[in-house]
Amino acid sequence: MLLNLININKFYNGKQILKNINLTIDEKDRIGLIGINGCGKTTLLRILTEKELPDRSTEKDGIISYAAKTSIGYLEQMSGLDRENTVIEEMKAVFNHLNKTAERMRELEKLMNSEHSEMQMITEEYAKLSSYYESNDGYNTDIKIKTVLNGMGFTEKEYDRAISGFSGGEKTRLAIAKLLLEEPNLLILDEPTNHLDFKTVLWLEDYLKDYKGALIIVSHDRYFLDKVVTSVCEIEHGRLSRYKGNYTAFTRLKSDAVSRQQKEYEAQQREIAKLEDFIARNKVRASTANSAKSREKALERMELIDKPVSAFNHAKIRFEYKLQPPFDILNVKDADISVGSGNSRKVLAQNISFEIKRGEKLGIIGDNGIGKSTFLKVLQGLIPHEGRIRWASNIKISYFEQESANLDPHNTVIDELHRHYPLMTDLEIRSLLGSVGITGENVFKETGVISGGERAKVCFALMMLEKGNVLILDEPTNHLDITAKEAIEEALAEYDGTIIFVSHDRYLLNRISDKILEIRKDGTEIYNGDFDYYLDVNKKREIAAQLAANELKRAEEAKNIAEKKTAAFKSKEQRSAEAKRRNRIKELEKEIDEKQEMLNALQMEITQEEVYSDFVLMNSKCTEINTLKEQIDHMFDEIIELSE
């Protein structure tokens, strides 16, 4: 056990944010902490890290117990960095205790090379420091730093840059890198994927799977939670509930729990109604007054079951269309993405070609800055372009723009819908807004002052009215919390029209897409499957490329060996020694071939779902792969030594 919370409560301005929170965190826990915005997640993390104290009404409330060995690392935006340091200085600062040890060891080495009167004491101190340095992996600190910085997207050219010159997102990535190097046994990450591209997120997922300590991760990235966490803690109405499994398992278990609670609530309400009826009919009768009083006390002692409240205000988003499009929707041939014009025109990507059929759902991905949002405008003819973009007839496009630029920031929410649909009544508009989760006084707020998530919901309401048979969406889940994401995701899954969308939300890409379009600088590639299929194809390509590289390396080494063999010795002793060397080299080559076959087989096995979805089995296979690689390397070394 690293940490234990008992009856944690917190009030702000008379409102209770956290109610009797109980949580135990063990050494290997991987916990996803979720809940709607403002539910108290950050407050709980601040209490965990002792930045805030819980409110206590009795001595048995607000107890936080830490194990003596507990060290906590907490990611806060751009925190924990010295702006004046360079990147490499900041990362090396993590290992200051080891650096000081190494400096002292060098001092002792100089003393040991000279005649010193206290040689025994020097030798003993050196032995202790050397043991400490080695046990804390001091000889590998440079490798660790390069591994983590490279994984987080920093090249060696950036090592000597001052941190003050980096953007906010880059500083957040540096803060994550520093925390990973510190290796606390309880690592708390609050929205760690916000400023990461696909490649970096995938690296971080793999890194955290093998992290030695416990993890608490707050994230709206459901795909990330699916890959990393083994239990989910949800804060809802101030209370914390823990579910075993990843995020997908949580959604199933939560649904079952809500159904159970609804049945229990209804059964209790029926029981309460019976008791109240009995009390009302028998309280005034002398013969039954005692029975009525007994039931009245039972009613007072009854622990009431809360009525389940569905998330997202019972959101009922539904996209429909009236105009049936033809089978062939869109043909794109040799299109490009560019910014600027004339001499200042810059091409971001080119040679983009693909086709879309009726009912297909195309997810578009690509590196940051490649121009994916621009491409959606190119498809609609909103900006000039090269190449051919041909839409079929009877096409009606409904477009969701990432920053909701189509809304007038000075209009109230209800007036904005009136602007687009003046014949609708206030009742009709408020009913529609209620279906997307905007209720009460929020409908009278200006669209320029409401949150990004609420603006997105206004845009969804407009799209429901437009009834487009092609939906084009640019990052539709960017500003939404998890429950709102699930509502729009469900609506898109049920829509039987055509969808073209750009998203970094891998869970959405996996759930909605039946095709993935990857945009690269040199062109595009279509993957006929969901996001998992895209990852699987590229993983197999990486393995094939690695195998090819290994084969090339082996061929080069064999060539070198063959060249050295030509320098044969003339004497009998030399010929005998040469024969022994040749035989041994043949044995080694045969063993290398056998072990390479085993290695190839293992590398193919880890691409299979039943292996990579099983952490223990995957870990075992990876250990076998590393062992085989080491054995092959040793045999190659022996061949080289024999050849020399």
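The largest nonpolar core of this predicted model holds 97 residues. Within this core, Leu149, Leu174, Leu208, Phe319 and Leu492 touch the most other members. Helix H14, residues 452-466, supplies the largest share of the core, with 8 residues.

Take Leu208 from that group. Setting aside neighbours within four places in sequence, Leu208 is in contact with Arg30, Leu180, Leu187 and Leu189, among others. Its contacts also include Leu215, Ile217, Phe224 and Val228.

**The chain as a whole**

The protein chain has 644 residues, and 44% of them count as buried. It contains 20 helices and 18 strands. Along its principal axes, the C-alpha trace spans about 120 × 70 × 50 Å. Among contacts with a separation of 6 or more, 68% come from residues 24 or more positions apart.

**A helix pair**

Two packed helices are described by the angle between their axes and the distance between the axes. Helix H9 covers residues 247-282, and helix H10 covers residues 289-301. They pack at an angle of about 150°, and their axes lie 9 Å apart. The crossing of H9 past H10 is left-handed. On the H9 side, the contact is made by Ile272, Leu275, Glu276, Phe278, Ile279 and Asn282. H10 contributes Ala289, Ser291, Ala292, Arg295, Glu296 and Leu299. Sorted by class, this contact has 7 nonpolar, 2 polar and 3 charged residues.

**A hairpin**

Strand S8 (residues 231-236) pairs with strand S9 (residues 239-244) in the antiparallel sense. The pairing runs over 6 bridges. Val232 stands opposite Tyr243 in S9. The hairpin has 2 residues between its strands, and His237 takes a positive phi near 55° there.

**A three-stranded sheet**

Which order do the strands of the open sheet follow? The order is S11-S10-S13, with antiparallel pairing among the 3 strands. S11 (346-357) and S13 (388-391) each have a single partner strand, so they stand at the edges and one side of each is left without a neighbour in the sheet. On average, neighbouring strands are turned by 20° against each other, direction ignored.

Strand S10, residues 328-339, is joined to S13 by 4 bridges. In one of these strands, S13, Arg390 is the bridge partner of Asn331. Helix H11, residues 372-379, packs on the sheet and touches S10, S11 and S13. The direction of H11 makes about 130° with that of S10.

Ile352 sits in strand S11. Its relative accessibility is 0%, so Ile352 counts as buried. Ile352 and Ile216 are 136 residues apart in sequence, and their C-alpha atoms are 41 Å apart in space.

**Positive phi and burial**

Most residues other than glycine have a negative phi, and most peptide bonds are trans. Asp334 has a positive phi, near 55°. Ser404 also has a positive phi near 55°. Asp334 is found in strand S10. Ser404 lies in the loop between strand S14 (397-400) and helix H12 (413-420).

Is Ser404 buried or exposed? Ser404 is buried, because its relative accessible area is 7%, and buried means under 20%. Asp334 is partly exposed, with a relative accessible area of 41%.

Gln596 is a residue of helix H18, residues 572-605. Gln596 is buried as well, at a relative accessible area of 11%. Not counting residues up to four places away in sequence, Gln596 touches Leu547, Asn550, Arg554 and Ile632.

The table gathers the accessibility values.

| Residue | Relative accessible area | Class |
|---|---|---|
| Ile352 | 0% | buried |
| Ser404 | 7% | buried |
| Gln596 | 11% | buried |
| Asp334 | 41% | partly exposed |

Terms used: Residues are numbered from 1 along each chain as its sequence is written. This is a predicted model: local features need pLDDT of at least 70, side-chain atom pairs count only at pLDDT 80 or more; totals for chains, interfaces and linings use all residues. Side-chain values use heavy atoms; hydrogens and water are left out. Axes are lines fitted to C-alpha atoms, for helices over the stretch in contact, and angles run from 0 to 180 degrees between N-to-C directions. A crossing is left-handed if the near helix is turned anticlockwise from the far one by less than a right angle, and right-handed if clockwise. Contact means heavy atoms within 4.5 Å. Ala, Val, Leu, Ile, Met, Phe, Trp, Tyr, Cys and Pro count as nonpolar, Asp, Glu, Lys and Arg as charged, and the others, Gly among them, as polar. Two strands pair if DSSP finds at least two bridges between them. Buried means under 20% relative accessible area, exposed over 50%, partly exposed in between (1.4 Å probe, protein chains only). A nonpolar core is a set of buried Ala, Val, Leu, Ile, Met, Phe, Trp, Tyr and Cys residues joined through side-chain atoms within 4.5 Å.
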